Amino acid sequence: GEKGAERMVRSELPDGSVAYYEGERGAERVVRVEFANSNVVHYQGEEGAERVVREEYPDGNVQYYEGEKGAERVVRKEEADGTMQYYDGEPYAERNMRTELADGEVHFYEGERGA
């Protein structure tokens with residue numbers, strides 16, 4: 001940016017991860033982190049309130065999240081083979097409610113996680 005209006009757009013961490021930022025100077029917010037293990041996490045929200053919305057894995061699987069920062073929960077997983085899994089429940093206690101296989105077969109689940 002112009003002198004006096006410089007803003008952070010990227011930070012490279014010692015472990016090899018790279019964080020990307022958007023926003024005006026003093027209000028930069030993280031929008032994506034590319035981790036050294038090849039996972040990519042996407043964030044939404046204002047500076048200081050960024051929440052995880054999607055995590056992409058090197059094997060092609062993707063997890064989607066809802067919830068405020070620190071209380072994000074998995075709501076859907078897309079596997080590289082086309083399988084879709086849908087979840088409900090509180091953070092870290094999500095349970096699979098439905099799985100749609102790539103061939104069109106659908107599985108439904110009831111009960112608490114781990115029960």
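1. Arg-76 comes out as partly exposed, with a relative accessible area of 24%. On that scale buried means under 20% relative accessible area, exposed means over 50%, and partly exposed is what falls in between, using a 1.4 Å probe and protein chains only. Arg-76 also forms a salt bridge with Glu-78, and their closest N and O atoms are 3.2 Å apart. Glu-78 is partly exposed too, at 24% relative accessibility. By salt bridge I mean a side-chain nitrogen of Lys or Arg within 4 Å of a carboxyl oxygen of Asp or Glu.

2. Before going further, some ground rules. This is a predicted model, so local features need pLDDT of at least 70 and side-chain atom pairs count only at pLDDT 80 or more, while totals for chains, interfaces and linings use all residues. Residues are numbered from 1 along each chain as its sequence is written, and side-chain values use heavy atoms, with hydrogens and water left out.

3. How many salt bridges does the structure hold? There are 8, including the Arg-76 to Glu-78 one. Another one links Arg-98 to Glu-100, with 3.0 Å between the closest N and O atoms; Arg-98 is partly exposed at 26% relative accessibility, and Glu-100 is partly exposed at 25%. Arg-73 and Glu-66 also pair up, at 3.7 Å from N to O. In that pair Arg-73 is partly exposed at 21%, and Glu-66 is partly exposed at 46%.

4. Now the overall layout. The chain has 0 helices and 10 strands, counting helices (H or I, at least four residues) and strands (E, at least two) as DSSP runs numbered from the N terminus. The radius of gyration is 18 Å, well over the 13 Å that the globule rule gives for 115 residues, so the chain is more spread out than a compact globule. (That radius is taken over C-alpha atoms, and the rule is 2.2 Å times the number of residues to the power 0.38.) The C-alpha trace spans about 60 × 25 × 25 Å along its principal axes.

5. Among contacts (heavy atoms within 4.5 Å) with a separation of 6 or more, residues 24 or more positions apart account for 0%. Buried residues make up 29% of the 115 residues in the chain.

6. What makes up the largest nonpolar core? It has 10 residues: Ala-19, Tyr-21, Val-30, Val-33, Val-41, Tyr-43, Val-52, Tyr-65, Val-74 and Tyr-87. The term covers buried Ala, Val, Leu, Ile, Met, Phe, Trp, Tyr and Cys residues joined through side-chain atoms within 4.5 Å. Leaving out residues up to four places away in sequence, Val-33 touches Val-18, Ala-19, Asn-39, Val-40, Val-41 and Tyr-43.

7. Glu-28 is the residue I'd click on next. It sits in the loop between strand 2 (18–22) and strand 3 (29–34). Glu-28 is buried yet has no salt bridge, and the nearest side chain of opposite charge, Arg-25, is 6.3 Å away. (Lys and Arg count as positive, Asp and Glu as negative; His and the chain ends are not counted.) A polar atom of the Glu-28 side chain lies 2.9 Å from the backbone nitrogen of Met-8. Beyond its neighbours within four places in sequence, the contacts of Glu-28 include Arg-7, Tyr-21 and Glu-47.

8. Gly-26 lies in that loop between strand 2 and strand 3. Is Gly-26 buried or exposed? Gly-26 is exposed, with a relative accessible area of 61%.

9. Arg-10 is in strand 1 (residues 10–12) and is partly exposed at 47%. The side chains of Arg-10 and Glu-12 make a polar contact at 3.3 Å. Such a contact is a pair of N or O atoms within 3.5 Å; within protein, one must be able to donate a hydrogen and the other to accept it, and residues adjacent in sequence count only if both atoms are side-chain atoms.

10. Last one: Asn-96, in strand 9 (residues 95–100). Its side chain reaches the backbone nitrogen of Arg-98 at 3.0 Å, and a 2.8 Å polar contact joins the side chains of Asn-96 and Thr-99.
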